[in-house]
Amino acid sequence: IPGVIDVTVIGTGTFHIVSSETSDGVVVDQPSDGFVIPVEGITVDPSSYGAFVDDATAAVISGLAPDELILSDSSAELRRLGPGDRIGFEEGEVRSIAAVLPDAAVGAAEIIGVGDTSLAVPGSERGYALIDFDGTGEELEREILARLPQDALLRVRDPRDPSGNPGRTVRSQVFIKQEFGEFAYRPAGRGRFEIDPSWLEANIIDVEIPLLGKTVCHRKFAALLTEVMEGLDDHGLDGVIDQRAYRGCWNSRYISGSTRLSRHAWGAAADINFGNELDGGPGSPVNEELLERMLAVGIRSGHVWTRPDPGHFEYFGPGA
């Protein structure tokens with residue numbers, strides 16, 4: 001494409017941790033038999049990734065060996081690990097931590113490696129590209145779409161043009177873990193898994209929420225939903241919610257058709273007015289009153305995604 005200066009492709013996936021230890025052999029994490037800790041990782045091409053980061057980060061990436069990993073700052077804090085420590089994966093491989101880099105330098109991934117995503121859980125692999133383009137995001141999007149099949153879905157995010165296409169619409173997994181906690185799980189088949197009972201006991205509650213009724217949710221997310229629903233009810237706007245189209249909050253499952261974790265697994269998402277008309281009226285998942293009140297407490301709607309999911313609302317945080 002004329003105007004493209006540099007490009008690199010990032011592989012992403014879910015990786016299963018079975019153990020971690022410090023450089024002197026002290027065990028940090030070791031889930032019970034059959035349980036694993038899911039983490040979100042990326043793999044990069046060191047020869048092309050360096051064009052998109054500062055020289056110091058590029059030097060670290062270029063020197064990374066196949067049996068080494070990098071952690072982001074947030075991940076290192078969550079994992080309680082640092083350079084020289086080791087992580088064991090479900091496939092039996094053990095990798096040492098070569099460095100810890102700022103979240104922004106590695107896309108807020110939890111772990112970073114080089115090469116392919118062979119350690120990733122099948123069905124969790126995805127990819128995206130970073131492109132240095134001498135033009136606008138809209139121009140680049142047109143150029144790429146012209147070269148893709150007619151039914152292809154594409155979103156170009158241009159950090160130079162905040163008035164253009166929406167920026168980040170989903171938070172990183174490590175951010176969700178920081179807000180709602182990290183759990184170990186045991187895959188159970190058919191797109192579901194069993195979560196560590198101690199995490200469930202500490203975080204997931206049964207609660208009655210105005211306009212929605214009885215639900216099971218993370219205690220933090222339940223408080224936000226309650227605030228929104230009470231506000232609607234107090235202002236005589238109960239018709240905004242169709243209780244019959246409420247599909248719940250907590251659900252220990254993957255995103256449909258994949259092995260990537262749904263935010264429902266944390267109880268940090270809810271399906272409201274799900275499947276209803278998109279006319280914006282009462283009971284619609286894109287009703288402006290509902291969208292605005294959700295945004296005010298840090299909850300975003302899936303209708304803005306590349307693959308729209310109207311009626312799905314998940315935690316994004318302040319400034320949503």
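Predicted model: local features only at pLDDT ≥ 70, side-chain atom pairs only at ≥ 80, totals over all residues.
Me: Why does D132 count as partly exposed?

Reply: Buried means under 20% relative accessible area and exposed means over 50%, with partly exposed in between (1.4 Å probe, protein chains only). The relative accessibility of D132 is 32%, so the residue counts as partly exposed.

Me: What makes D6, D132, D134, E138 and E139 a patch of negative charge?

Reply: Asp and Glu count as negative and Lys and Arg as positive, while His and the chain ends are not counted. A patch is made of residues with over 30% relative accessible area and no salt bridge, like charges being joined within 9 Å and nonpolar side chains (Val, Leu, Ile, Met, Phe, Trp, Tyr) within 5 Å. The place of each charge is taken as CG of Asp, CD of Glu, NZ of Lys or CZ of Arg. On these terms, D6, D132, D134, E138 and E139 gather in a patch of negative charge on the surface.

Me: Which residues make the nonpolar surface patch?

Reply: I1, V4, V7 and I131 make that patch, which covers about 260 Å². V7, one of its members, is found in strand β1 and is partly exposed, with a relative accessible area of 44%.

Me: Why is the contact of E21 and R86 called a salt bridge?

Reply: A salt bridge is a side-chain nitrogen of Lys or Arg within 4 Å of a carboxyl oxygen of Asp or Glu. The N to O distance for E21 and R86 is 2.7 Å, so the pair qualifies. E21 lies in strand β1 (residues 4-21) and R86 in strand β5 (residues 86-89), so the bridge ties together parts that are 65 residues apart in sequence. E21 is partly exposed at 26%, and R86 is partly exposed at 25%.

Me: Which residues does K177 pair with in salt bridges?

Reply: K177 meets E110 at 2.8 Å, N to O. This pair links distant parts of the chain, with K177 in helix α5 (residues 173-180) and E110 in the loop between β6 (94-101) and β7 (111-114), 67 residues apart. K177 also bridges to E182, again with the closest N and O atoms 2.8 Å apart. D29, R79, R80, E110, K177 and E182 are linked in a network of salt bridges, and the structure holds 13 salt bridges.

Me: How do you know whether K177 and E110 are buried or exposed?

Reply: K177 has a relative accessible area of 2% and is therefore buried, and E110, at 0%, counts as buried too. E182, in contrast, is partly exposed at 23%.

Me: Why is α5 described as largely enclosed by the rest of the structure?

Reply: Six of the eight residues of α5 are buried, which is why the helix is described in that way. The buried ones are Q173, V174, F175, I176, K177 and F180.

Technical notes:
Residues numbered from 1 in each chain as written. Heavy atoms only, no water. Helix = DSSP H or I, 4+ residues; strand = E, 2+ residues; numbered from the N terminus. Areas by Shrake-Rupley, 256 points an atom, 1.4 Å probe, with all protein chains shown as cover.
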